[in-house]
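Student: I am new to this structure and would like a close look at a single part. Please take me through the salt bridges.

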2 protein chains.
Amino acid sequence: MNFQNRKRLIVQTVEERGSVEVQELAELLHTSEMTVRRDLVQLAAQGLVYRTRGGAMKVSAVTDAFRFENKAAVNADQKDYICQLAAQTIQEGDILFMDCGSTVFRLCPFIRNRRITVITNSLPVVAELINSSVSVNLVGGEVDKDRQAVHGLIAEEHIARYRANRAFIGVDGISLRKGLTANSEREASTAVAMARQAETTYLLCHSAKLETEKYLYFAPLTLFDILITDNEARPDVVDAYRQAGVTVMN
Amino acid sequence: MNFQNRKRLIVQTVEERGSVEVQELAELLHTSEMTVRRDLVQLAAQGLVYRTRGGAMKVSAVTDAFRFENKAAVNADQKDYICQLAAQTIQEGDILFMDCGSTVFRLCPFIRNRRITVITNSLPVVAELINSSVSVNLVGGEVDKDRQAVHGLIAEEHIARYRANRAFIGVDGISLRKGLTANSEREASTAVAMARQAETTYLLCHSAKLETEKYLYFAPLTLFDILITDNEARPDVVDAYRQAGVTVMN
DNA sequence: CTTCTTTTGTTCAAAAATAAACAATTTCAA
DNA sequence: TTGAAATTGTTTATTTTTGAACAAAAGAAG
């Protein structure tokens, strides 16, 4: 019994029975509990089952025809705080740019029920908003598998065709001395393209990223209009940014 | 026993049994496990079987394992038959268009391991190929929530920028009298845009759709070059199409 | 709040499968 | 027939998977 077959049987069993325990599965598959657990970890990561203590449960929304992975779970509370602030600035009828940052992704649940248009290059964002009242415009071009997003020349041209009220973008590093820095050239240029076409650009930035620098410098602080960060940002750092003329929300 | 015969027997065995182990195959074919592995590598590269550790599985078993309520799963066997034929026409390095038809979707598992580029407007196709060796180009524009795909003017312009070796498109209805018909204007115009930019256009069409007509006429039979259907198509119908000058694979 | 039980994660060793290297065999053309 | 190329089998090394043992974490019970 190989891995693929086991996975198939586990999902099938969970679907049929609603929930199942590790022990039962180990017996059913003639394998050890350890192996079952390892399988369940993978299946849960793919969103195919809900992992419970001692077993797994049927996931309610398996009806989704497609699904993309999102690794936005770290620092969830602070990111949600940021997104709540961001969501409050949004008006009915707005056209928004949203890039592929992990903080930006968490904005989705806050805007599900708004009557707005979102232009995005992030596949998880599309998946999240496709069954919502938001109308979605997807940026076209080459798919970057690592980042689950669309990047590149064609993508930038696509963005350049639109004009939006607001752009919500993420960043890997920001510092007063160096400005905005990133780990990837591709993400950086998409962010710049969006900022260029937006009336107001919001930088969603977890407090831990303030005053950090990554390897690629791509834009000065003037790229964005408003910096939104969380309430754990050090007050002296926030003050320094304000002194430097940056509008900060937190 | 040469490679051609072995290949035929392996595919046949996998189809019959759903999954099979290297050991069994080695016995069955009176050959070494090493040879079986080498064969399986080739067959998997062609998408004819799904390689697992220790053996191989039927492609559809993998596709359907986690998609119980998927529309693509109806008439799965015939659709897979069509897709297998389609997959065999694909060469290394090809650029393909794939539209958002449910039959076209099932082509994905057959091409996972090929070194090709796929340009598509279908979100499920992107999700299916994003973790594969296929490089994906996503058509940009307005997201059609019902069809889980991108359609519209911008999408068509995007398609018009590319040139591909092959286009694989689906259709709602086809008849000798009326040509190609569809249920949706949007899907139809995307299909036309792709066909226009492809060297060879393949129409993937379940036999039950032959000689049916939907409400919107959108193109003559000359839009495509090759019609691929399944082996349950009525011989007299297939003959009639051939008489009319259509190239049919089945 | 502490203690006890259960579950989980981690590490490690064994087993299985695969890939690589090389030798033997077959095939094909000249 | 002979030599070169392709295919196959065997041996060996590498990788992956698995199960067991044990420590850590999470609930449950008192």
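Tutor: A salt bridge here is a side-chain nitrogen of Lys or Arg within 4 Å of a carboxyl oxygen of Asp or Glu. This is a predicted model, in which local features need pLDDT of at least 70 and side-chain atom pairs count only at pLDDT 80 or more, while totals for chains, interfaces and linings use all residues. Residues are numbered from 1 along each chain as its sequence is written, chains are lettered from A and ligands numbered from 1 in the order in which they are written, and side-chain values use heavy atoms, with hydrogens and water left out.

One salt bridge joins E213(B) and R177(B), N to O at 3.4 Å. E213(B) is in the loop between β12 (198-204) and β13 (216-219) of chain B, and R177(B) is in the loop between β10 (173-175) and β11 (179-182) of chain B, so the pair ties together parts 36 residues apart in sequence. Helices (H or I, at least four residues) and strands (E, at least two) are DSSP runs, numbered from the N terminus. E213(B) is partly exposed at 35% relative accessibility, and R177(B) is exposed at 68%. Buried means under 20% relative accessible area, exposed over 50%, and partly exposed in between (1.4 Å probe, protein chains only).

In chain A, R166(A) and D94(A) form a salt bridge of 2.5 Å, N to O. R166(A) belongs to strand β9 (residues 164-170) of chain A and D94(A) to the loop between α4 (76-88) and β4 (95-98), 72 residues apart. R166(A) is buried at 11%, and D94(A) is buried at 5%.

Over all chains, the whole structure has 23 salt bridges.
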